[in-house]
Amino acid sequence: MRILHRLWRWLLRPKASSAGAKREELSSAASEARLADFLENTTDIVSFYDRDFRLTHYGSKLKTTYGHAIVPGATLWEIYPSLGTELIDEFDRVRRGGSPMHVELRRSRGEAPRSALVFGAANGIGIIESAELEYRGRTLSEEQEHIVLLHQATHDVLTGLQNRRRFSDRLQQTLSSVDGSREPSALLQIDLDDFKAVNDTLGHGAGDTLLQLAANRILDALQEGESAYRLAGDEFAVIQSGKTQPAEAERLAASLIDALKTPFVINDIPVFVGASIGIAFGPEHATECEQLMKASDIALYAAKTDGRGCARTFNRSMLLLLEQRENLRRSLRMALERGELFLEYQPLVRPPSSVVGFEALLRWRHPEVGIIPPGVFIPIAETDGLMDEIGRWVIEQACRQATTWPSSLTVAVNLSPAQFLSGSLTDTVAQIIDAVGIRADRLELEITETVLLEQTIDNIDILNTLNVLGIRISLDDFGTYYSSLSYLKNFPFDTLKIDRYFIRDLETDRKSQTIARSIIGLAHGLGISVTAEGVETPGQARWLIKENCDCLQGNFLGRPLGAEATHDFIRRSPLEGYGQWEEEIGRSSGRPSSVGGTEGSGAR
């Protein structure tokens with residue numbers, strides 16, 4: 001037994017942080033193929049149990065010895081009834097890191113004495129029967145590999161949670177045991193929000209630590225009948241059985257969200273991630289593992305779409321929406337080639353003079369559905385890697401259109417964060433400017449603060465290169481994301497755009513007034529121009545003009561127009577067109593403009 005004592009200590013030695021979770025998974029996966037064969041053919045009577053002392057994995061000889069009692073999920077006392085439940089406290093001590101212990105097993109008349117070694121194994125305990133344990137003839141290194149392989153058969157190397165292979169076995173066993181006379185089972189898929197940002201900014205070592213801490217919090221939130229697994233990367237799952245549904249799954253999901261939104265402290269740095277959760281029930285939503293996984297995955301997608309940091313339960317309408325999205329995805333790949341994408345232009349007005357330019361807004365006219373908002377198809381294009389091609393087309397079309405306007409007018413184009421990841425943005429813009437023959441200072445590229453969160457140094461370099469080319473850079477939707485003042489210090493933006501969120505109730509809400517006034521003062525103090533978007537009423541325009549806002553944009557001043565309508569608008573401006581705005585603004589009681597339409601979003 002001395003060897004197993006030493007092996008136990010070696011197995012539970014502190015883990016060194018890996019170069020990355022991906023490498024840990026590959027290392028574990030490489031050994032699991034050997035594990036399956038080993039457990040099938042080992043002559044040892046070995047078994048592993050989770051924190052609830054339920055069987056998770058075992059060698060084939062255990063099944064041969066104890067027969068029908070060996071079923072995944074069976075309790076330790078169903079397999080070893082002679083041990084007695086009075087040992088549960090001692091077993092729990094071992095599970096929590098205490099020293100291994102020997103227990104005597106009941107034997108038949110004339111049978112040699114038998115004992116077992118109970119030792120801690122990550123998220124539970126392991127038991128090896130030991131009639132001939134001292135005389136196997138293995139070397140120490142062989143014994144070490146033996147125990148490690150058994151451990152890796154059921155557990156993730158990095159976090160100590162049960163692994164994906166064990167998850168599949170347990171989910172299958174759970175679903176097969178569910179019938180009309182028993183409570184339904186629940187599957188909760190958990191994704192950490194913003195985990196990639198932690199890896200990118202703090203390094204993979206911090207990412208590994210975060211995964212370990214998150215796994216501990218998940219375990220702490222579990223109750224009887226609930227087991228946790230790490231599936232891959234920052235993806236976790238919990239199987240819940242023997243509970244009243246859907247109430248218990250919703251309770252657990254809320255508990256997990258609360259636990260994971262509390263900041264993690266890594267290297268004395270507070271790290272915020274949070275989690276999104278998708279819930280599905282068996283047999284209500286599926287009776288097979290793959291289908292139940294798909295249902296919970298669709299629910300998880302809905303949680304992320306609804307803003308993250310929340311849980312959603314699968315329903316059939318989610319599946320319909322997903323199918324519609326897949327149809328759009330297929331259609332979008334052909335939309336540019338078929339000429340279904342087009343641009344509209346919304347005027348930018350500098351009071352009290354005239355129109356100074358237009359913002360190009362991307363639209364998609366689907367042959368069957370009709371006009372699809374950019375907020376629907378732009379995320380699809382970004383996910384599918386289409387944004388680089390579409391973005392190039394938008395910039396080129398907008399620049400060509402601008403060459404037909406008076407040379408004093410500018411054109412603004414939204415950039416997607418995905419365009420920065422291609423590495424060819426500056427070359428693309430330079431080539432378009434040369435090919436079209438437009439002055440660089442007539443093109444203004446609008447970015448959001450999310451661009452500055454991804455590969456910050458690289459993206460700042462890209463913006464500086466564009467600035468050197470003479471292109472104007474605008475920071476869009478200022479105030480609604482992270483609004484770090486370091487962005488304004490480190491890069492000379494030409495324009496800040498106040499998001500319509502602060503303009504919507506500008507006439508009545510003092511907080512919005514204070515924020516808008518502060519942004520205008522901050523920008524002017526830094527020598528940056530300010531544009532307010534979403535101006536819908538004369539009262540909003542009046543307030544902004546009084547506070548010296550440089551430029552206004554919104555349906556009150558002009559709705560998005562097609563190419564030909566834009567030419568007509570320009571011909572009416574500035575005297576005829578602006579006279580109507582000036583008259584409206586000057587009235588003592590404002591009313592919404594009769595100009596219709598919907599202010600749109602560009603490629604962002």
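The model is predicted: local features need pLDDT of at least 70, side-chain atom pairs count only at pLDDT 80 or more, and totals for chains, interfaces and linings use all residues. Residues are numbered from 1 along each chain as its sequence is written, and side-chain values use heavy atoms, with hydrogens and water left out.

**Overall make-up**

- The protein chain holds 24 helices and 21 strands. Helices (H or I, at least four residues) and strands (E, at least two) are DSSP runs, numbered from the N terminus.
- Of the 604 residues in the protein chain, 52% are buried. Buried means under 20% relative accessible area, exposed means over 50%, and partly exposed lies in between (1.4 Å probe, protein chains only).
- Contact means heavy atoms within 4.5 Å. Among contacts in the protein chain with a separation of 6 or more, 66% come from residues 24 or more positions apart.
- The disulfide count is zero. A disulfide would be a pair of cysteine sulfur atoms within 2.5 Å.
- Cys289 counts as buried because its relative accessibility is 16%. Cys310 counts as buried because its relative accessibility is 12%.

- Helix α11 covers residues 289–305, 17 residues in all. The expected span of a helix is 1.5 Å times one less than its number of residues. For α11 that gives 24 Å, and the end C-alpha atoms are 24 Å apart, so the two agree.
- The buried residues of α11 are Cys289, Leu292, Met293, Ala295, Ser296, Ile298, Ala299, Leu300, Ala302 and Ala303.
- Pro283 lies in the loop between β11 (275–282) and α11. The peptide bond from Gly282 to Pro283 is cis, with omega near 5 degrees.

**Helices α9 and α10**

- Two packed helices are described by the angle between their axes and the distance between the axes.
- The axes of α9 (residues 204–221) and α10 (residues 247–261) come within 9 Å and cross at roughly 145 degrees. Axes are lines fitted to C-alpha atoms, for helices over the stretch in contact, and angles run from 0 to 180 degrees between N-to-C directions.
- On the α9 side, the contact is made by Ala214, Arg217, Ile218 and Ala221. On the α10 side, Leu252, Ser255, Leu256, Ala259 and Leu260 take part.
- These contact residues divide into seven nonpolar, one polar and one charged. Ala, Val, Leu, Ile, Met, Phe, Trp, Tyr, Cys and Pro count as nonpolar, Asp, Glu, Lys and Arg as charged, and the others, Gly among them, as polar.

**The loop between β8 and α10**

- Pro246 lies in the loop between β8 (235–240) and α10. The peptide bond from Gln245 to Pro246 is cis, with omega near 5 degrees.
- Gly242 is found in the loop between β8 and α10. Gly242 is exposed because its relative accessible area is 62%.
- Gly242 and Ala186 are 56 residues apart along the chain, and their C-alpha atoms are separated by 9.3 Å.

- Most residues other than glycine have a negative phi, and most peptide bonds are trans.
- Phe53 has a positive phi, near 60 degrees. Phe53 sits in the loop between β1 (46–49) and β2 (55–58). Phe53 is buried, with a relative accessible area of 4%.
- Asp194 has a positive phi too, with a value near 65 degrees. Asp194 sits in the loop between β6 (185–192) and α8 (195–202). Asp194 counts as partly exposed, at 37% relative accessibility.

**Two buried residues**

- Leu386 is found in the loop between α13 (374–383) and α14 (387–402). At 11% relative accessibility, Leu386 is buried.
- Beyond its neighbours within four places in sequence, Leu386 contacts Leu332, Arg333 and Ala381. Leu386 and Ala418 are 32 residues apart in sequence and 9.0 Å apart in space, C-alpha to C-alpha.
- Ala412 is placed in strand β16 (residues 410–414). Ala412 is buried, with a relative accessible area of 1%.
- Not counting residues up to four places away in sequence, Ala412 touches Phe358, Glu359, Ala360, Glu444 and Glu446. Ala412 and Tyr345 are 67 residues apart along the chain, with their C-alpha atoms separated by 9.2 Å.
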